[in-house]
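Work through the exercises below with the coordinates loaded. Try each task before reading its solution.

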Amino acid sequence: MATYQRQQYLLMTIDPVHIGTGGYRLGRVDNSIVREPGTRVPKIPGTSLHGAARSYAAQLYETPEAAGQSQDNVQYPDQNPVCYTFGYIEKTGNGNNVKAYSGVVNIFDAHVLLFPVYSMTGPVWVTTLGRLREAGFTVKHNGAALEPQTSTALLTWDRKDDLNLGWLMVNVAGKAEVTAPNGWQNEQRWQAIANRIVLVNESLFSHVVNSNLEVRTSVAIDPERGAAEEGALFTYEALPRATFLTTEVVLDDYREAFPKDKCGQGKTDKNNPLPGDPWNCPLDVVKAGLRMIEWLGVGGMGTRGFGRLVIVGEPLKQKYGEERGNEQ
Amino acid sequence: MTWQVYHVIVRLRSPLHIGYRKVGNVQRTRPYVTGRALWGALTMRLTRDATAPATGSHAYQQIGDEVHQQLAFTYFYPALQSGNDYQVVWPWDNETLFRPRFLSSYQSTALAYPQHAAAEGMLHEVEYISPHTLDTGQPVYLQGYIFAKTDCTLAWQSALERLHIGGERGYGWGATELVQISPCEDDQLFGGVAQFQQSNNSFTISLPKDGRLLAHTKADNAAIIGNLEPLVGREWRSHGGAGQHIAFTGVCFSPGSVVATAQCFTVKEFGVWEA
């Protein structure tokens, strides 16, 4: 049986992240971000993560030519872990014979799990029961899990008074206990917010998120006058810093021919030491690429300090027919 | 030899793109899962489950033939939960309501990461069936029927637990979650919209007068009102690369076409009907 595995990542934005929809004016902003249809909750599309992970993995492996649309300049694409992982097109016979190899990983959209919102008690992280469960978290309220009513919220700390989530006031229905999956429990970033979580009804979540996105206004400056240029004012939105997201990666390694001879030793294509851990399978390539997003970012406005995401802990790994567990 | 009919519900976990046609830089999706797309997805999963490494075209061809021989299926249609049951929303019932509820598109471009800018000429838009309705955010399911020979040797039920259908799968599209497989106790399909009868080697599906075709249908002499289209697909063959073989099934009436009189159809390969 070909290797079939799922990995689940917990990510946190350490900059505002702007994945644009293409510059439409929608409501209050000029440059809006991608949202999940139906729920209207912003997300990071799998396409963005896939492209960034491929590009950064190719740079780490010192074959940047393996990143683009064409792999014509990759000398041995079948021996290149980036091409193997994400797919490639091989041309032989002066370009007359074209063979396309599909990649062996699927990278899914990253969905918002915990969204930071300003409240009268300081920052809190808003989420829903469904989102937590989907991501492998367990939620208990008086011994049993409970979906809050539309106007109420459950908190992970003691409080009886009403609480504001931005401009919205909700009744506090009680205290909930949220436990992260093994392997994420001891992560500093999780522990820092574990007692600042607010669970709301799914129907309220979209309103809370969309009302508290980071919206910035910028204008081009006329260098001669040192003043704003006429008509150059624009607004754009972004997922704010400290938003937690989850995403999945599926490995369907039907070829089972990952070029281990060259990569398991931790060398790049130019025989230099490979930064980070050695790559023993396509999931290592994806992880190495995704880790670089912590340095180089994903999406737009990268040169203005947008786009960095950090992987929190190690991804959860699940083989088909086995229980989900931590990778380590 | 007899067949068992199963009612299958899967939940859509990510956008689904079933290749249709291209308009400008927009790749349109069909509003349902064709038999060919389902056959391809099942064949891929079953071959990879049976052989490792699954790189030989011959293995795919062999399993693909076995799927044809041991399984048959209807097209799968978007459905919504209705109490404890599921209700298909037919794309043709009210197209102006269906499209804004179920279909959306994603516009993107490849980035040149060293420059952090859009790569030239890479802007494209892909249409998809949304995993949630766009108006009320309800989960979207796919409902259809699978006919399996009683001595079927294919582990298709296990394959349905890891089924990825359609295009853009590398970006996580086409993920499904199996919700239920239940044997049919009567001869009704889709709540009585059609009835099936089985013979030794094939199925016939009967529609009442003014009934709608639920699959592409080859009907040279039948009285049918609807759109005709050449049913063309792309396949991977040992000679050539991905999608380079053009598989031509024939000129068919599209799903949703109306039969003028009560009519019986035989279910053929890829779920295509024949009068």
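**Conventions.** This is a predicted model, in which local features need pLDDT of at least 70 and side-chain atom pairs count only at pLDDT 80 or more, while totals for chains, interfaces and linings use all residues. Residues are numbered from 1 along each chain as its sequence is written, chains are lettered from A and ligands numbered from 1 in the order written, and side-chain values use heavy atoms, with hydrogens and water left out.

**Exercise 1.** Describe the interface between chain A and chain B by its contacts and its buried area.

*Solution.* 
- Step 1: count contacts (heavy atoms within 4.5 Å). Chain A brings 37 residues and chain B brings 40.
- Step 2: take the buried area, the accessible area (1.4 Å probe) that two parts lose on being put together, summed over both. Chains A and B bury about 3100 Å² between them. Carbon and sulfur atoms hold 52% of that.

**Exercise 2.** Find the salt bridges and polar contacts between chain A and chain B, then see what builds chain A's side.

*Solution.* 
- Step 1: apply the salt-bridge rule (a side-chain nitrogen of Lys or Arg within 4 Å of a carboxyl oxygen of Asp or Glu).
- Step 2: Eight residue pairs qualify, both residues being at pLDDT 80 or more.
- Step 3: assign elements, using DSSP runs numbered from the N terminus (helices: H or I, at least four residues; strands: E, at least two). In chain A, α1 (46–60), β4 (97–102), β5 (105–107) and β16 (244–253) each supply at least two residues of the side that touches chain B. α1(A) gives the most, eight residues.

**Exercise 3.** Repeat the analysis for the two domains of chain A.

*Solution.* 
- Step 1: Domain 1 is 4–108 + 235–319, and domain 2 is 113–214. Their C-alpha centres lie 30 Å apart.
- Step 2: 28 residues of domain 1 are in contact with 21 of domain 2. The two domains bury about 2000 Å², 63% of it on carbon and sulfur atoms.
- Step 3: Polar contacts link nine residue pairs, both residues at pLDDT 80 or more.

Technical notes. Polar contact = N/O pair within 3.5 Å; in protein donor to acceptor, adjacent residues only side chain to side chain. Domains from an automatic or database assignment.
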